[in-house]
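Hi there,

Here is the structure I promised to pass on to you. Please have a look at it first, and then read my notes below.

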Amino acid sequence: MSNKMWGGRFETGPDAIMEEINVSIGFDQRLYAQDIAGSKAHASMLAAKGIIDKADAEKIAAGLDTILSEIEGGQFTFQRALEDIHMNVESRLAQLIGASAGRLHTARSRNDQVATDFRLYVRDTLDTLDAQIRDLQKALTEKALHYSGTVMPGFTHLQTAQPVTFGHHLMAYVEMLGRDRGRLRDARARLNECPLGAAALAGTSFPIDRFATATALGFDRPTANSLDSVSDRDFVLETLAAASICAMHLSRFAEEIVIWTSPLVGLIKLSDRFTTGSSIMPQKRNPDAAELVRAKIGRIAGAFNGLLMVMKGLALAYAKDMQEDKEGAFDAFSTLSLMIAATAGMVRDMVPNEKKMKEAAGQGYSTATDLADWLVRVLGLPFREAHHVTGRIVGLASDREIPLHKLKLEEMQGVEPRITKEVFGVLSVSKSVASRVSYGGTAPKNVRAQAKRWLKQLAKE
Ligand code: ARG
């Protein structure tokens, strides 16, 4: 059987392998709602411009509504022989309303149709992701406010560096996620132009109103060049790039959760709800959700790279290569969505071991910088000299395997005679964090202010 969509000059139907490589209905059926919305906007514009009869347009709209409810009710049979979502919908429309269905494709091609559908789909996805990331920011901020004064070790090189607060650490991710949302919003603003009416590649001789369809579909304006309209998938790439960066942030946080929950470290406890056990070792509590969040970035960055390779070197305008834009992107979007949800769940349930955090914060001479700063502030030493003096004092403590504040005043005075007992006021981890009041610093009062600012902001969005 030759294909009824273009059967005019074909004598036989496709080889089975041809169908196998060509078919996309298995994955592009996800675009059904966008496809139907695009067709309804197109048909009503065609009628408004007198290109098709009002009666035909009404039949088309009613038929499309029926198809929408058939698909959503699970009564629609998708057919591989009809290749993709566009032809499945149009063919069913013909069954439902007869010859009028054939008028829908006037002044349109599947090339501008699929570009429109996918932009609408990515736009919806961007809105969903934005709401989800906002929820994660809220979870992090609420936790941060609760633990704004909880001292934990801050690291560089994963070596104990200076004490920070748990709240401050969590708020770092709120900032990152804020920028992620900004990138996704930027992608949304740039993609929001409507390709419908570009037709196959050159535009159309029918007197269509592209501004009307653009407005009806919630786009800011029609795209300005018909070749560009059907040729580019940069809006998918940009979204995948922003999604990859967001996934990278989540992956880093997940790695920290894995480290913090290790019995060797024990800084936090995850809930049973976000932990798994072992079938052989009864004592185990494995952070599988965190490990999977850590790993799943591979799929998202992979989808970005995959599509980048599909698009590079493609001559204008449409080529079937571009059908490869969808599967990876669909997977990447649902993967990121799951990563965000799992991270929010872990955050809401996690409980820090405050005692252990504080102990760990004091290890490794983490207040050495506070001692050096004291020597500068109180004794007027140049910082480089203070650094040297502190190094010698740390050496003394380290030889005796005791923390700085356990050294005797006389021992410190052996290195720098002008040191007074007031120095002990800066050697505790709590004093250390409380003193970090510079803008953006870790002092609990800064963290509280930052968290409150964010909660107010998040409530407005
Ligand atoms: N299924 C196709 C895609 O996703 C639709 C466009 C087909 N256009 C064409 N000229 N074959 O790209």
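**Around the ligand**

Ser-24, Asp-28, Asp-84, His-86, Arg-110, Asn-111, Val-114, Tyr-318, Gln-323 and Lys-326 surround the ligand, where a residue is near a molecule if one of its heavy atoms lies within 4 Å of it. This is a predicted model, in which local features need pLDDT of at least 70 and side-chain atom pairs count only at pLDDT 80 or more, while totals for chains, interfaces and linings use all residues. Residues are numbered from 1 along each chain as its sequence is written, and side-chain values use heavy atoms, with hydrogens and water left out.

Which classes make up this shell? It has two nonpolar, four polar and four charged residues. Here Ala, Val, Leu, Ile, Met, Phe, Trp, Tyr, Cys and Pro count as nonpolar, Asp, Glu, Lys and Arg as charged, and the others, Gly among them, as polar. Helix 6 (residues 110-146) gives the largest share of the shell, three residues. Helices (H or I, at least four residues) and strands (E, at least two) are DSSP runs, numbered from the N terminus.

Now for some distances. A nitrogen atom of the ligand lies 2.9 Å from a polar side-chain atom of Asp-84. The side chain of Gln-323 has an N or O atom 2.8 Å from a nitrogen atom of the ligand, and the side chain of Lys-326 has one 2.4 Å from an oxygen atom of the ligand. The protein buries 87% of the 350 Å² that the ligand exposes when taken alone (Shrake-Rupley method, 1.4 Å probe).

**The largest pocket**

The largest pocket has a volume of about 610 Å³. On a 1 Å grid over the protein atoms alone, a pocket is an open set of points where a 1.4 Å probe fits, with protein on both sides within 12 Å along at least five of seven lines; lining residues have an atom within 4 Å of a point. The volume is the space filled by probe spheres set on the points, which are joined across faces, edges and corners. Among the 25 lining residues, His-168, His-169, Ala-172, Tyr-173 and Met-176 are the closest to the pocket's centre. Helix 7 supplies the largest share of the lining, seven residues.

**Two backbone details**

Most residues other than glycine have a negative phi, and most peptide bonds are trans. The peptide bond from Leu-316 to Ala-317 is cis, with omega near 5°, and Ala-317 is in the loop between helix 11 (288-311) and helix 12 (327-349). Glu-83 has a positive phi, near 70°, and is found in the loop between helix 4 (54-72) and helix 5 (85-97).

Best wishes

Key. Polar contact = N/O pair within 3.5 Å; in protein donor to acceptor, adjacent residues only side chain to side chain.
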